[in-house]
Amino acid sequence: MRPLSLGAGTCSRAVTKGRTFPRSMVSDFFFPQPGGIESHIYQLSTKLIDRGHKVIIITHAYKGRTGVRYLTNGLKVYHVPFLVIYRESTMPTVFSFFPIFRNIVIREQIQIVHGHASLSSFCHEAILHARTMGLRTVFTDHSLFGFADAGSILTNKLLKFTLSDVDHVICVSHTCKENTVLRASLDPLMVSVIPNAVVAENFRPLEQGEPPRPIGPNDIITIVVISRLFYNKGTDLLIATIPRILSSHPNVRFIIAGSGPKAIDLEQMLERNVLQDKVEMLGPVRHEEVRDVMVRGHIYLHPSLTEAFGTVLVEAASCGLYVVCTRVGGIPEVLPQHMTTFAKPEEDDLVMATSKAIAALRSNKVRTDRFHDQVKMMYSWTDVAQRTERVYKGIQGDISPEEFYGYYPGQGWEASGDRVRSFALIDRLKRYYGCGVWAGKLFCLCVVIDVLIYVLLEMWFPRANIDIARSWPKKLKQKETADSTRDSPHRIGSTT
Amino acid sequence: MTEYLEESLRPPHAVPARKLRGTSRRRRRKGAWKKLLWVKQSCMDPDNYTDTETFLDHLQRNPRVRPYDFWPLVADSTVIVQHVCSVAIFVCCFVGIVQGRVSPVSIVCWGSVGTAMGWILWDSVPPLPPHDAPMISRLSSRNRQRLSTVKSAFLIYCALLGLSPILKSLTKSTASDSIWAMSCWLLITNIFSFDYGSGEGAGATKFPASLSTNAAVMASTVLASRLPSTTHVFSLMLFSIEVFGLFPIFRRQLRHISWTGHVFLTLALVIAAGGAVGITLRGGLTAAVVGSMLGSILTALAMGGCSWWLISLQKYKNVVTGPWDPARPIIRRHWD
């Protein structure tokens, strides 16, 4: 549950006419907490602001951070006081968030609500309330879930509740899209795949420009591992492979950064095999320091067991590291063949893949010095913002449904006519009713109560009494450059 | 598409390892779209483009389902029947003792004779994993094992003897109703958490077994505290340890070495339990015979009915797996 950021973005036409329509992003997870979703929201918001949209972020209050904050670029963050129950996720209360949410939405003239992360109760609530208030909603899914255990079943039901009335869903990889479509029984054409990106400037290799020194047969090769040391990050695999790799390759060193419950097992393995002089444990590192750790190595090893996207792989490749990773989740889609060696999530295969990678580096076959520029061409937040903008335009009706959802005659999924979600209560109830025998009725009850609360709020705190917030003054120049680069959908623009 | 997916997720029959693939009614232009994120898809393909060839092509339904057969299922259910029957016999013995129909000493004597016979039988069969150790050391190890068994039996005997007076007054201040309710729940816990497995393979965990044994011992402790004399308490406790602690080990061993013996033991237990219930409810030899027959018929019906029910429920089984599931790492524990 990360902070819901409600992003209301102006469409390009509106900008040129001088009108601004704001959007807001809602999630439980936002700064100051570090993490992938947090930086995703921040980077996307910043780039959307650069493109002339107004974006605000709504999240829950962190320790020492309550109320309204402004970040760089005039990005406004609302830290709403809320009870946090588990790992920065807020208590799911269904309705209690509505009054303040409505106030913020009216105050900031929000048009689109964009929620992030399926474990964020804040995000689910915001999408429900936004639909009640007649706003368009987008949801971004950042993680994969199974279908078997009790926790997943509960999350999936909750997700189905939220997504049965959402306007569009964004997933970070194709595997993630398949997963979300199955979990929430969605129309696949209502789900877009827009990957994460990296700020390539922050992940530069050590020496740039000059040709790299070839690696000799006896030079030290350093393998970097940066991950939280949890079971699902594959730390057990790592523990099993390190001694075997080190015994067969004497000129290899390891650098391991990160902390977690499996750190003890890792240290025990080092002591049992007396490998302290070959394996360096750095403990937790801050996100800003990740690059400085990465550039010390030649190979990045990622033994994760499940991963929706794997931003860290892109960061490692951008730093000029050759990547060895397990073939799980969305990882095979992330990087091209010449940057990676894939392994099955098995000890023997991982050892073999690492050995292959070491051999490839020693024979100087891999041009790691070119990786940075290649990655820069593949992933950029500007590109992500452009593609997200297309989604916003599509659900706002600026792009015709035929163009937005595509028209593929005879492919099995023609337009069912329900993709443009109407706000009529009876249509919404119909969609929620189909969620399940019991769940459907419960969801309908929730929606009806939500509508009643909305009516009550409209009478109690009339719209006219809520002040309109002034938006952050913007430089016109930025807008124009953004406008001029807008038309090609996949161009990678430079950041300002 | 929504209906299509929902329908596909609720199959009418359990289909082992069937791949769900989009009907390829159409030929796509070659090389236009790839399931990759780093590649720039052509401008014709927007982000929400769904490729019919590759979409959900790694989805597998019920990949590891093996359909059940009727008779093996019935044969496997004998293990549960055995345990339920021994619990029933224990309860009937307790009721007999409380009502003064049976002498506790005779029960514990019969129980001990049975235990001793079972132990002799268990001891006469060599231990299952035949080690490569020479014959002499194996014999001596078996002798040592016998000695330790006798020692622990003596220890339990003495401990029970010492504890009996304390246990007798353990729940004096508690109403009998609470004791009946509590022991009921504890015995139900025992039946449900009992380790019915064969004690082999990766599934053999220790936790549920200890929970079940502890629940049974606690149930017999609180039941014993309702009895009038120290001899009664001692007898019941010893009997409960024989029934809940040692008898399951013997049953498991018997199932390993002789299937016929296992079936005969099941039959004997079912008849004994039915008879015991008959005597407890009505009294008299006729009631015992009627109880045995009724018990046997009901057990046979329940075994067949439950097996058939489980098989008929299989068609609702729908396990969906795909690349989104966390992988199971395969690790060789070479340093252990």
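Predicted model: local features only at pLDDT ≥ 70, side-chain atom pairs only at ≥ 80, totals over all residues.
Colleague: Let's begin where chain A meets chain B. How many residues are in contact there?

Modeller: On chain A there are 62 residues in contact with 41 residues of chain B. Between them the chains bury about 4,500 Å², with 62% of it on carbon and sulfur atoms.

Colleague: What makes B:Lys35 and A:Glu178 a salt bridge?

Modeller: Their side chains meet at 2.7 Å, N to O. The cut-off for a Lys or Arg nitrogen and an Asp or Glu oxygen is 4 Å, so the pair qualifies. The count between chain A and chain B is 1 salt bridge. There are also 6 residue pairs in polar contact across this interface, both partners at pLDDT 80 or more.

Colleague: Which helix of chain A gives the most to the side that touches chain B?

Modeller: That's helix 6 of chain A, with 7 residues. By class, this side of chain A has 34 nonpolar, 15 polar and 13 charged residues.

Colleague: On to the rings. Why are B:Phe247 and B:Phe250 called a stacked pair?

Modeller: Take two steps. The ring centres are 6.3 Å apart, and pairing asks for centres within 6.5 Å, so they pair. The planes are at 15°, and under 30 degrees counts as stacked, so that's the name they get. The two residues sit 3 apart in helix 7 of chain B, which means they are separated by about one helical turn. Both B:Phe247 and B:Phe250 are buried, too.

Colleague: How many aromatic pairs does the search find over all chains?

Modeller: It finds 15 in the whole structure. Ring pairs also link A:Phe97, A:Phe101 and A:Phe122 into a cluster.

Colleague: Back to charges, then. How do you know that A:Glu108 and A:Lys54 form a salt bridge?

Modeller: The distance is 2.8 Å, N to O. That falls within 4 Å, so the pair counts. A:Glu108 lies in helix 3 of chain A and A:Lys54 in strand 3, so the bridge ties together parts that are 54 residues apart in sequence.

Colleague: And are those two buried or exposed?

Modeller: Buried means under 20% relative accessible area. A:Glu108 has 0%, so it is buried. A:Lys54 has 9%, so A:Lys54 counts as buried as well.

Colleague: What about A:Arg296 and A:Glu280: what makes them a salt bridge?

Modeller: Their side chains meet at 2.8 Å, N to O, and the limit is 4 Å, so they pass. A:Arg296 is in the loop between helix 9 and strand 15 of chain A, while A:Glu280 is in strand 14, so the pair ties together parts 16 residues apart in sequence.

Colleague: Which residues are linked in a network of salt bridges?

Modeller: A:Arg131, A:Arg136, A:Asp165, A:Asp167, A:Arg428 and A:Arg431. Over all chains, the search finds 24 salt bridges.

How values were computed. Residues numbered from 1 in each chain as written. Chains lettered and ligands numbered in written order. Heavy atoms only, no water. Contact = heavy atoms within 4.5 Å. Buried area = accessible area lost by both parts, 1.4 Å probe. Polar contact = N/O pair within 3.5 Å; in protein donor to acceptor, adjacent residues only side chain to side chain. Helix = DSSP H or I, 4+ residues; strand = E, 2+ residues; numbered from the N terminus. Nonpolar A, V, L, I, M, F, W, Y, C, P; charged D, E, K, R; others polar. Phe/Tyr/Trp six-rings, centres within 6.5 Å; stacked < 30°, edge-to-face > 60°. Buried < 20%, exposed > 50% of the residue type's maximum accessible area, 1.4 Å probe, protein only.
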